[in-house]
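This report covers one protein chain. The sequence and structure come before the description.

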Amino acid sequence: MNRFALALSGAIARATESALGPYQTAVIRIGFALTWLLFLVREFPHRAELYGPDGPWSWTLAEELIRQNGAFTVLMWSDGRVWFESVYALAAVSSLLLMLGWRTRTMSVLFMVGVLSLQNRSVFMGDGGDNVLHLMSLYLVLTRCGQVWSLDARRARRAREARARGERPGDRTGPVLWAVLGLALAAATAAGRFDGDPMVPSLLWGVLLAQALWWLVGRYARTAQPRILLDVIADILHNGALLVIMAEACLIYATAGWYKIQGSRWQDGTAVYYPLHLDYFSPWPELADALSANGTMVMLVTYGTVLVQVAFPFTLLHRRLKNVLLAAMITEHLVIAVVLGLPFFSLAMIAADAVFLPTSFLRRLGGWAAGARARLSSRARRTPASDTPAPRQAVPEQPVAGRPSHEQAVPERSLRGQAAPGQAVPGHTESPAP
């Protein structure tokens with residue numbers, strides 16, 4: 001009984017003391033934001049046919065369907081072309097800013113609004129990757145996904161350094177953003193725009209009120225206890241959402257694997273052959289013919305796909321075996337992206353798989369990226385004068401007292417410029433501002 005009580009108390013402490021998986025949630029944030037952004041850019045010339053007024057799924061059909069299922073989409077608030085273009089641009093900009101980690105709390109909400117609005121406007125334009133993106137956009141709102149690899153993490157670090165110097169850093173951008181969004185939400189609610197399913201409006205109001213409470217406590221609380229309580233609640237929500245994301249990924253693979261087992265083509269080992277010869281899934285016919293020419297290879301890929309998908313949820317407790325199957329699934333999605341011409345589906349699934357990547361690997365990956373950025377930054381800061389040898393007859397400038405010469409100042413500036421990229425990003429802090 002004592003051992004069980006200690007294990008239970010340790011699990012509760014772990015779930016409430018910090019937001020777990022900071023690197024995994026950062027990869028999820030970057031992966032899904034990048035996937036949606038690339039899709040919006042790729043489909044920009046066809047946006048009106050896919051989700052706008054020129055599409056085959058007309059305004060009347062969309063209005064009738066949304067009246068029945070109560071789906072959330074701001075595109076049904078107006079049938080004007082300007083409103084559609086504004087929503088499309090907002091979706092693209094919020095995706096870019098979420099990927100960079102600028103005001104991740106705010107951008108995660110706008111990212112969710114953009115994804116739901118476009119996808120629910122034309123429900124027959126999506127595929128499996130869109131469904132995954134649809135769900136993950138809801139879960140990201142509850143996560144603290146800007147702890148690392150984000151502009152928010154850099155802003156939080158600078159704020160800590162300023163407080164250590166005795167300064168009191170202020171933040172005006174966050175309150176202004178949430179005030180504008182709050183007014184827009186209040187106006188939409190008063191106009192009766194949220195008459196459908198109450199889940200998304202409730203989530204929007206909950207996030208807005210929670211952020212307002214967070215700001216009031218941080219500004220006016222005289223003791224640290226209220227802020228600690230809010231941190232504990234935020235950590236619980238984050239860890240719960242992270243657990244749901246992991247369960248969702250396992251459910252996707254387990255369901256897909258068990259359904260494949262019941263198919264006769266998967267049982268006889270020929271299922272992979274047929275999509276390779278569909279015109280819709282054959283961007284490279286020669287490559288598809290080469291892959292399907294070997295019957296043994298087709299059989300191995302067919303059975304291997306089923307085996308990996310069914311076995312993956314059962315290997316999560318074995319770290320090494322899990323990493324092997326994870327690498328196999330990521331490789332499979334890369335092959336699907338190239339051979340079958342489904343890049344956005346593959347990117348969405350790889351982003352979902354990233355929640356299981358080891359922290360040590362992600363930290364090493366971040367170190368490589370930081371080193372590459374430092375080298376590129378040092379080359380960009382290098383001036384032509386420093387690369388060109390000085391003429392022999394030139395007389396070196398004598399430094400003035402208390403003022404360094406040009407030759408002394410350049411290395412000093414270079415050292416200051418290279419200090420930031422080389423520093424390790426803190427892994428368990430997030431800016432209190434939105």
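## A threonine in a loop

The side chain of T73 reaches the backbone nitrogen of L75 at 3.2 Å and the backbone oxygen of S117 at 2.7 Å. Both are polar contacts, defined as a pair of N or O atoms within 3.5 Å; within protein, one must be able to donate a hydrogen and the other to accept it, and residues adjacent in sequence count only if both atoms are side-chain atoms. T73 is found in the loop between α4 (59-69) and α5 (81-100). With a relative accessible area of 5%, T73 is buried (buried means under 20% relative accessible area, exposed over 50%, partly exposed in between; 1.4 Å probe, protein chains only). Leaving out residues up to four places away in sequence, T73 touches I66, L116, S117, N120 and R121, where contact means heavy atoms within 4.5 Å.

## Model and conventions

This is a predicted model, in which local features need pLDDT of at least 70 and side-chain atom pairs count only at pLDDT 80 or more, while totals for chains, interfaces and linings use all residues. Residues are numbered from 1 along each chain as its sequence is written, and side-chain values use heavy atoms, with hydrogens and water left out.

## Chain totals

The chain has 19 helices and zero strands (DSSP runs numbered from the N terminus: helices are H or I of at least four residues, strands are E of at least two). Of its 434 residues, 38% are buried. Among contacts between residues at least 6 apart in sequence, 76% join residues at least 24 apart.

## Nonpolar cores

A nonpolar core is a set of buried Ala, Val, Leu, Ile, Met, Phe, Trp, Tyr and Cys residues joined through side-chain atoms within 4.5 Å. The largest one has 68 residues, and F32, W36, M112, L118 and F312 have the most contacts inside it. Helix α2 (residues 22-42) gives the most to this core, ten residues. Another core, of seven residues, lies apart from it and includes V272, A288, V298 and L340.

F312 touches C250, Y253, K322, L325, L326, M329 and F356, not counting residues up to four places away in sequence.

## Position of I233

I233 is in helix α11 (residues 225-262). Its relative accessible area is 42%, so I233 is partly exposed.
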